[in-house]
Structures are given as structure tokens and as C-alpha cells.
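Keep the structure open beside you as you read.

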Amino acid sequence: MDKAKWLDELAQGLCESGWISFDITPWLGPELLQALQQEIIVLDQRDALKIAGIGRGSAPVQDRSVRRDKIAWLQGSTPSQVALFDFLDDLRTGLNQRLFLGLKRFEAHYATYHRGDFYKPHVDSFQGRASRIVSLVLYLNDAWKPTDGGALQIYNRENQNDACGLVLPEAGRVALFMSEEIRHEVLEAHRTRYSLACWFRQDVIPLPLSVLI
């Protein structure tokens with residue numbers, strides 16, 4: 001499939017149901033996926049990820065009854081991150097051309113869920129904030145099985161109590177969804193789970209990374 005047709009399919013999925021899941025390996029390549037996986041594994045082994053908070057501003061709340069992941073923000077400081085950022089910017093442009101979303105930038109972080117970790121149902125952006133518009137989650141786990149838990153549960157945008165999709169965090173698998181519309185959760189992980197989350201935004205000036213959740 002050529003890239004234009006692929007972008008058409010992504011745009012159609014976002015329009016029809018608000019979300020879509022796909023294998024990104026043909027576009028990023030296995031070498032880049034392996035490099036990103038190795039980065040987050042090293043960060044995790046060095047205890048370089050920080051407990052994630054809830055909310056925005058200077059003092060996000062750390063509530064382990066809601067979420068238990070640890071994160072590290074990407075700054076494009078390694079060759080693999082530069083290559084990923086180039087791809088994400090192309091994706092931003094492609095979505096703008098098809099859906100007229102006015103996406104101006106993106107932000108991304110690694111996330112690690114250890115055994116027993118989860119993230120309760122939530123949306124990534126409040127309605128009308130014009131900040132996070134489209135969410136992307138890329139998974140970096142080899143040989144993941146349904147019994148390993150940690151799946152992304154997607155809820156119907158027409159009925160936010162109706163579970164309509166389940167995405168296993170397999171290496172190369174991506175979930176793409178509208179940030180304000182799609183309620184989702186990370187089910188409890190039964191083994192260490194690695195991912196990369198990205199948000200495409202309409203605002204222009206980035207907040208300092210220290211105040212982002």
C-alpha cells in the first residue's frame with residue numbers, strides 16, 4: 001500500500017469511529033522499532049522514568065488508584081527519536097491535509113507499566129481545550145500474549161460505557177484516536193509493558209516538560 005492510501009485509511013477510521021489500530025512496522029521498519037524498544041528498556045533498568053501524574057499545571061497529582069505507569073519525555077535527542085519525530089511530523093501533515101485538524105505540533109513520552117500497573121478509564125483532553133486533538137500509542141513488546149494483560153480497552157464515543165475495542169500491546173501495533181472523544185483505559189499488566197504515547201496538538205507554544213503529565 002502506498003503512503004497516501006494508508007493515510008486515507010487512517011483518516012477514514014478517525015472519522016467513522018474516532019479510532020483505528022494498525023501495524024506500523026511497514027512504515028517505521030523493524031530496526032527503528034527495536035532501537036526505540038532498547039531505549040525504553042535501558043531507561044527502565046536505570047530507573048530513569050518518573051511516576052506519572054494526573055492533571056496539568058505546575059503540580060500534577062500522583063494518584064496510584066488511577067494510574068501507575070512511569071514516563072520519560074522524548075526530546076528528539078537520539079538518532080532513533082529524530083527518525084521517529086520525522087515520521088510523526090509527516091503523519092501530522094497528512095492528517096491535516098485530510099481532516100483539516102489544524103495540528104501544529106506534537107509531544108511524546110515513553111511509558112512503562114510493571115506487573116500490576118494500570119490506568120483507569122479516561123480521555124486525553126477535555127472538550128474545547130483545543131490542545132491534544134489526536135492521540136497515538138505505539139507498543140514496543142515482543143511476543144505479547146492476551147494472558148499478559150496490559151491491553152488498551154477502547155470505549156465507544158457514542159456511549160462511553162460501551163467497550164468496543166481491545167488492542168494488545170504487541171511490538172509495532174499502534175492505536176490512533178481522537179483525544180477528546182475516545183475514552184480508554186490500560187488494563188492491569190501481568191508483565192512489564194513498554195509503550196510510546198504521542199499527542200498531536202493545535203496550540204503553538206509548548207509547555208515546559210516538567211509541568212506536563
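In which sense do strand 7 and strand 8 pair, and over how many bridges? Strand 7 covers residues 152-156, strand 8 covers residues 159-167, and the two pair in the antiparallel sense over five bridges. Please keep in mind that this is a predicted model. With two residues between them, strand 7 and strand 8 form a hairpin. If you want a place to start on screen, go to Tyr155, whose bridge partner in strand 8 is Ala163.

Strands of a sheet pair through backbone hydrogen bonds, either parallel or antiparallel. An open sheet of seven strands shows the antiparallel kind of pairing, and its strand order is 1-9-6-11-4-3-2. Its edges are strand 1 (19-23) and strand 2 (50-51), each of which pairs on one side only. The partner of strand 2 is strand 3 (residues 70-73), joined to it by two bridges in the antiparallel sense. Here Ile51 has Lys70 of strand 3 as its bridge partner.

The two described pairs can be set side by side:

| Strand pair | Sense | Bridges | A bridge partner pair |
|---|---|---|---|
| Strand 7 and strand 8 | antiparallel | five bridges | Tyr155 and Ala163 |
| Strand 2 and strand 3 | antiparallel | two bridges | Ile51 and Lys70 |

Next, a stop in a loop. Thr192 sits between strand 10 (184-186) and strand 11 (193-201). Is Thr192 buried, partly exposed or exposed? Its relative accessibility is 28%, so Thr192 counts as partly exposed. Leaving aside residues up to four places away in sequence, Thr192 touches Asp44, Thr112, Tyr113, His114, Asn141 and Trp144. Glu181 is 11 residues from Thr192 in sequence, yet their C-alpha atoms are 28 Å apart in space.

Now zoom out to the whole chain. Its secondary structure consists of four helices and 11 strands. The radius of gyration is 16 Å, close to the 17 Å that the globule rule gives for 213 residues, so the chain is as compact as a globular protein of that length. The C-alpha trace spans about 40 × 35 × 35 Å along its principal axes. Of the 213 residues, 50% are buried. Among contacts with a separation of 6 or more, 79% link residues 24 or more positions apart.

Finally, the surface and the charges. The accessible surface is about 10200 Å², with 52% belonging to carbon and sulfur atoms. The chain carries 24 positive and 27 negative side chains, and the centres of these two sets lie 5 Å apart.

Key: Residues are numbered from 1 along each chain as its sequence is written. This is a predicted model: local features need pLDDT of at least 70, side-chain atom pairs count only at pLDDT 80 or more; totals for chains, interfaces and linings use all residues. Side-chain values use heavy atoms; hydrogens and water are left out. The radius of gyration is taken over C-alpha atoms; the globule rule is 2.2 Å times the number of residues to the power 0.38. Buried means under 20% relative accessible area, exposed over 50%, partly exposed in between (1.4 Å probe, protein chains only). Contact means heavy atoms within 4.5 Å. Accessible areas come from the Shrake-Rupley method with a 1.4 Å probe; for residues, only the protein chains shown count as cover. Lys and Arg count as positive and Asp and Glu as negative; His and the chain ends are not counted. The place of a charge is taken as NZ of Lys, CZ of Arg, CG of Asp or CD of Glu. Two strands pair if DSSP finds at least two bridges between them.
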